[in-house]
There are 4 protein chains.
Amino acid sequence: MAKKLRIGVLGVGRIGKLHVTNLVNSVPDAEVVMVADPFLNDDSIAWANSLGITNCSKNSDDVFANPDVDAVFICSSTDTHAEFIVKAAEAGKHIFCEKPISTDVKVIEDALAAVDKAGVKLQVGFVRRFDHNHKKVRDTVASGILGDPAIVKVTSRDPEAPPMSYVKVSGGIFLDMMIHDFDMVRYLSGSEVTEVSTFGTIKVDEEFAKYDDVDTAIVMLKFENGAIGVIDNSREAPYGYDQRTEVHCRKGCVQVANDLGDTAMISTADGVTCTKPTWFFLERYNDAFIAETKDFVDAVLNDKDVPVTGIDGLMPVKIAIAAKRSLDENRPVKISEI
Amino acid sequence: MAKKLRIGVLGVGRIGKLHVTNLVNSVPDAEVVMVADPFLNDDSIAWANSLGITNCSKNSDDVFANPDVDAVFICSSTDTHAEFIVKAAEAGKHIFCEKPISTDVKVIEDALAAVDKAGVKLQVGFVRRFDHNHKKVRDTVASGILGDPAIVKVTSRDPEAPPMSYVKVSGGIFLDMMIHDFDMVRYLSGSEVTEVSTFGTIKVDEEFAKYDDVDTAIVMLKFENGAIGVIDNSREAPYGYDQRTEVHCRKGCVQVANDLGDTAMISTADGVTCTKPTWFFLERYNDAFIAETKDFVDAVLNDKDVPVTGIDGLMPVKIAIAAKRSLDENRPVKISEI
Amino acid sequence: MAKKLRIGVLGVGRIGKLHVTNLVNSVPDAEVVMVADPFLNDDSIAWANSLGITNCSKNSDDVFANPDVDAVFICSSTDTHAEFIVKAAEAGKHIFCEKPISTDVKVIEDALAAVDKAGVKLQVGFVRRFDHNHKKVRDTVASGILGDPAIVKVTSRDPEAPPMSYVKVSGGIFLDMMIHDFDMVRYLSGSEVTEVSTFGTIKVDEEFAKYDDVDTAIVMLKFENGAIGVIDNSREAPYGYDQRTEVHCRKGCVQVANDLGDTAMISTADGVTCTKPTWFFLERYNDAFIAETKDFVDAVLNDKDVPVTGIDGLMPVKIAIAAKRSLDENRPVKISEI
Amino acid sequence: MAKKLRIGVLGVGRIGKLHVTNLVNSVPDAEVVMVADPFLNDDSIAWANSLGITNCSKNSDDVFANPDVDAVFICSSTDTHAEFIVKAAEAGKHIFCEKPISTDVKVIEDALAAVDKAGVKLQVGFVRRFDHNHKKVRDTVASGILGDPAIVKVTSRDPEAPPMSYVKVSGGIFLDMMIHDFDMVRYLSGSEVTEVSTFGTIKVDEEFAKYDDVDTAIVMLKFENGAIGVIDNSREAPYGYDQRTEVHCRKGCVQVANDLGDTAMISTADGVTCTKPTWFFLERYNDAFIAETKDFVDAVLNDKDVPVTGIDGLMPVKIAIAAKRSLDENRPVKISEI
C-alpha cells in the first residue's frame, strides 16, 4: 500500500464536500485521487480542482476500476450505499460509508457479507462517537469509575425541520434522525439494545402526518446489561442544535451540555443572556468529522480495527425499525423481532 | 373564623415536626394550638412545649373534637390519611394532607366526596410545586412565550435508597417516589396524563426484587394536549438529590438544574470541582414547605382556592398504578383503565 | 446568665428590624426583651408587639439600665455606635454592633478600650463572612489544599446608587460600601493589608463629585503574607447585586459566582436566558444575617470567641481611610500611615 | 498582485511552524512560497517539504530579495523583529509581525516610520483579538447596548512558568506576558490607557527575583474615556490557561469564562467535577491564529485596513514600560511619561 491512503470519493454533495475538504486540509496521511458524482457540474469540478483534485468523473464505476484508489468514501444518496459497498468490496477497496448503509436489514446483511468475503475494512459514519463531549461520557462510563450503568439518556433536537421533499424519502424520524442516537446509546452504554417502546407526536408541522411520520418522539430502551434508557427527539429547536447525553451509574452520573458559540454572559436589567448552542451538525461536529476520517485512514494504513464497524451500521437500523413498529402498534418491541 | 388560623397537627414524625416548626416560625397568620400522635413521648412533648404548644395528645380524636381547631395538618402514616380526612371533614375542619391520600383510588374518591359534602378546603402536600426552580419552569410554560409544550422531562433521583422496612410498605417506587413526578408533569404541562409506558430495572439493591419493586425506572407519558413526556427515577444518586425538570416547546425550551450548596469552583491540576447538589428534600425544598403552608393558610383565611386540590391528590395515584401495571404487563397502559 | 440570651435592641430601622425578626424566628437561644429607638412610633410599636416584644422605649438608656438585658444589638445610626458601645460596656452588656463602629480611628480605639476594660464580648456585623459562598472560599484557602495565596479578588457592585441624602453623610464609597470588601479580603487571605493604591471614576451620577466621592473604584492591596489583591466597586449594576470573590493560590484557584434567583435556562431563537442575581443584600445575605446572630448568641452563652472581633471592626476603617487618601493624593498609601 | 498572496516566512520555531501550517491548510488565498531560518536543519526542511514548501533558506535576506514574495511573516526572535520590518518595508513587502515589535519605544517608532514611508501594510500578532470570547466582549461593548464602559477587567494566567533561560531575556512579565493584556484592555474598552499603577509579588519561583522580575502582578489602569481597569497575571495556574475578560458598563456587564476541553460534569459522592480549561495558547487560540492570518491576507489582497496596526504594536509596549516603572518606583505612572 502507498504511504498515503489514496481515496476516491463517491458523491460530492454537502457531506461529500465536507469529507473531501477535511481529507485534503486536515488528514496528512490521505490523498484524494478522484471524485465521482452523476450530478457533477462545472462548479463542483472547479471546487475539486481548487483542492488539487483533477480526476473528476460522472461515473462511479471509474472509482472502483481505478487501481490508484485504495479506499472509497461513499457519500452518495442512501439508496446507493449498499450497492457501492458491494462493488467496492469486490474491487478490493476499503470503505468508509455514510450512515445508514440501508434502511433494509437484509440489504445491509448482504453488503456486510460482501465486505467480509473481500476482507476489506468498512467504517460507518456515525460521527458523533468522535465528538469530544459524547466521547468523554463514553470514556468515563467505560473506565468503570462510576460503576454499572443504570440509566442512559440522549437528547437530540435539530434546529429546524428538513424540507418535506426530504421527509418523503428519508425513511422517517427513526431511520433518518434518531438513528444517530440509537448508535449513541450503544456507544455510551457499551451494551446492545434489546427492546424499545415509543411514544410520538406531531408538534412541529402537521405535514409530517402525510408521510406516516412524527416530528417529536421519545423512545425508551432496555439493554442487555440491565440498564434502561431514553432518547427524545424533536425536529425543531429554534435555539439551535440540542445534543446532550447522560449516563447515570451506580456510583455517579456523567452528563454533557451543549457546545456554545462562546462563553459570554451578558447581564443587564432585562436579564442574563448566554450564547446559543452551535447552530447545526456542520459546526457542532466539525472536529468529529475530521477525527473519524483520521481514524479510518489510520485503521487502513496500519491495519487496525476500525472504530465503527459494519455491525455498528446494522444494529441502529434494527432499533429504528423496532421503534417505528412500537409507535405503529403501541407496544414494546423486542429487537429480536426485527 | 379567628384572625389567625388555628391548627391541629396529626402526627409529629419527621414531616409533622417540619410543618409545625415552619408554622410556628415562618407563618405569622397561623397558630398551632395542638398536636396529636399515638407515639407521643417525653421528647416530642418537650419539643412541642419549646415551641409554645402545650396541648399534646395521644388521641387524634381530640383534634377533631377541639372547637379551637380551624384546620388540621395530616402528617401521620399514609394508611391513616383518608380516614383522618373524612373525620376532619365531618368535624368541619379544613385539611392539609400529606401525599399520597391513599394508594387506593376508591378510598381517595370517598375521602374527596366527604370533603366536598362538608364544604371544607383540602390541600395535598405536593411541595415541589412551590419550589423556585420548578415553579419557574411551569410559569414560563404557562405564560405561553414558548408556545405549545411538546416534550416534558423530569429527572428525580434520591441520594440513597430507603431502608427495606420502608420499601416493604411504601407501595413501591411509583406510589412512593415517582408520585411526586407524576404531579410535577401535570403541573408543568398544564395537561392531564392519558397513557404511560414503563421500563424498570434493579441496579441499586437486589432486595427490591423481594418486594416486587424496582429501584430504577423510566416512564413515558402521553398528555391530553398532545405533548409527550418522560420521567426517570433512581433510588440512589450518591452525589445528592437530583431534581431537574425541562419542557421543550414549539418556540423554545426551559430547563432547571439542581440547587447547589454554594457556587464555588475550585480549579487545581487535578481538575475543576464544583459543589454537590443539596443533599435531600429537607434542604432542597425547605422554602417550598414554608410556601405551601403559607398558601394553605391564606386560602383558608381569605377563602381562596387551594393551590393543590383533591383531584391533584387523586390523579398521580392513578398514574402511579398505571405505571406499575405497564411495568408488570410490559405494555402501554391508559389512565382510563384505572 | 439566663439559659436564653436576653437581648435589647438599639435602633429598629431596616437593619434593626431585620435582626429582631431573625432573633425571634430563627435563634431559639435568644430572647428580645426590649427595643429602643428615638424615632419609635405606633407602627414600630405594633410591629414589636406582633413579635411578642412589649417593652419599647424611645430612650436608649433604658436598655443599658435594664438588668434583664444580657446583650445589646446596636443597629442605630453610625454616629451613635461608639457611644453606645462604651455605654453598653460600662453597663456590663455584651455587644453586637453594626458596621462601621465609627469612621474615626481614634473613636474606635477608645470604644475598643472600653470593651476590653469591661471584659464584655463585642462582635461587629461584617455579615458577608457568614455567606455560604465567601465562607467556602475562605475555608478552602484556610484548609491549605491550594497552597499559599497569591491573588485575592473581590467584585462588589450594588444594584443601584443610594440617594444623595445618604451619600452626603455616608463617609464615601470606601467607608460606606467598600468597607465590607476590606473586611472580606482580610477574611479570605487570612492576612493583614499593608498598603493600597486606588483609582476611581464617576460613571453613574455626576452628583457624586459634589460630595468629593466617586461611584466606581478599584483598589489594589498588598498583604503581610506577600499576596496582592484587588477590589472593584460600582454603585450601580442594573442586573442586581454582584458579589463575587476569588483567591488564586500556588496550587489552584477558588472562585464563587453570584447566587441566582433560580437555575432556569430559557432557550429560544432570541438567545439563552438565565435568571439574574438576587437583587440586594437582604435577599443575598439573609441566611448570613441569621448565622452571624446565632454565632454571637452562642459565643456569649458558651463563652466562646466571637467570630468578628473589635480589631476586625477597626482594620477595614483604616484601610478605607488609606484608600481614600490614595485616591486623593494619587499614590500608594501604607496602612501604617493611618 | 497574484491572485493568491505569496508569503515568505521568517523563523520556523514554534510560532512560525504554527503560522505556516495554518496558512497551508486553512487559508486558501495564501501560498507559502519560502521559509528562512538561520537554524534550519534537516528536520525543519523535511517538515517544510511535507507541506509542499521546497524553497528553504538559512538566510533571511533571501526572503526580502525574492520577487515572488508579496508578504512576510516575521516569526523570528524578538530582537530581529524591528530590523526585519525595516528590511521588508524597504523591499516593498507587506508585513505580519509577531508581538512585540521591540521592547524599545524608539526602535518601534523607527520601524513604523519605515513602514509608513514604504506604504506597505503591517499587522501585529495580537492574536487574542480574534478569539471568539474576547471578540464577543469587545463587540458587545462596541455595540453600545451596555452604555459607557466603567470597569475593564482581564485575568490572564499561564499554566506554568517559562524556563529561567527565557525569563532572562524576555523583558519581564510586563513586556513578555502582560503585553497581550495591555492590548486586550485597549481593544475591549475602545480607549487609550493614560496611567497605570502596579503591585507585584513573587509567589511561583524565587528565581524571578534574580532577573528583577515578579511572577504575580496586578496593574490598575485609567483610560481616556474615564473608565478604569485592572489586569491580574500569574506565571502559574496549575489548572490550565486562565483567560477571562469582563467589562462593566453603565447598563450592564459582559464577561467571558474559559474555554473548557469539554462540557462534561461528573457527579459522584466525592463531588462534582468539570473539565479543566484548555491547556495553553496553542489550544486556546488555535482558531484565533487562523482568523488573524485570514484577515491579514484579506487586508493585503483586497487593500483593506489591517485589524491590528503598528500603533497597536507600539502602545502596549509603552504601557508595559510604564507598568514596570510603577512597580519599581511604587507610584502611578502616566503613559505620557514614556
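**View 1. A lysine over a tryptophan ring in chain C.** The charged end of C:Lys17 sits over the ring of C:Trp47, 5.2 Å from its centre. A charge counts as over a ring if NZ of Lys or CZ of Arg is within 6 Å of the ring centre and within 35 degrees of the ring normal. The model is predicted: local features need pLDDT of at least 70, side-chain atom pairs pLDDT 80 or more, while totals for chains, interfaces and linings use all residues. Side-chain values use heavy atoms, without hydrogens and water.

**View 2. A lysine of chain C over a ring of chain D.** C:Lys222 lies over the face of D:Phe199. The distance to the ring centre is 4.6 Å.

**View 3. Two phenylalanines stacked in chain A.** A:Phe73 and A:Phe96 form a stacked pair (planes under 30 degrees apart). Their centres are 4.6 Å apart, with 15 degrees between the planes. The pair joins strand β4 (residues 71-74) to strand β5 (residues 94-97), and its members are 23 residues apart. Strands are DSSP runs of E, at least two residues, numbered from the N terminus.

**View 4. An aromatic cluster in chain A.** Ring pairs connect A:Tyr241, A:Phe280, A:Phe281, A:Tyr285 and A:Phe289.

Technical notes. Residues are numbered from 1 along each chain as its sequence is written. Chains are lettered from A and ligands numbered from 1 in the order in which they are written. Rings of Phe, Tyr and Trp (its six-membered ring) pair if their centres lie within 6.5 Å; planes under 30 degrees apart count as stacked, over 60 as edge-to-face and the rest as tilted. Helices (H or I, at least four residues) and strands (E, at least two) are DSSP runs, numbered from the N terminus.
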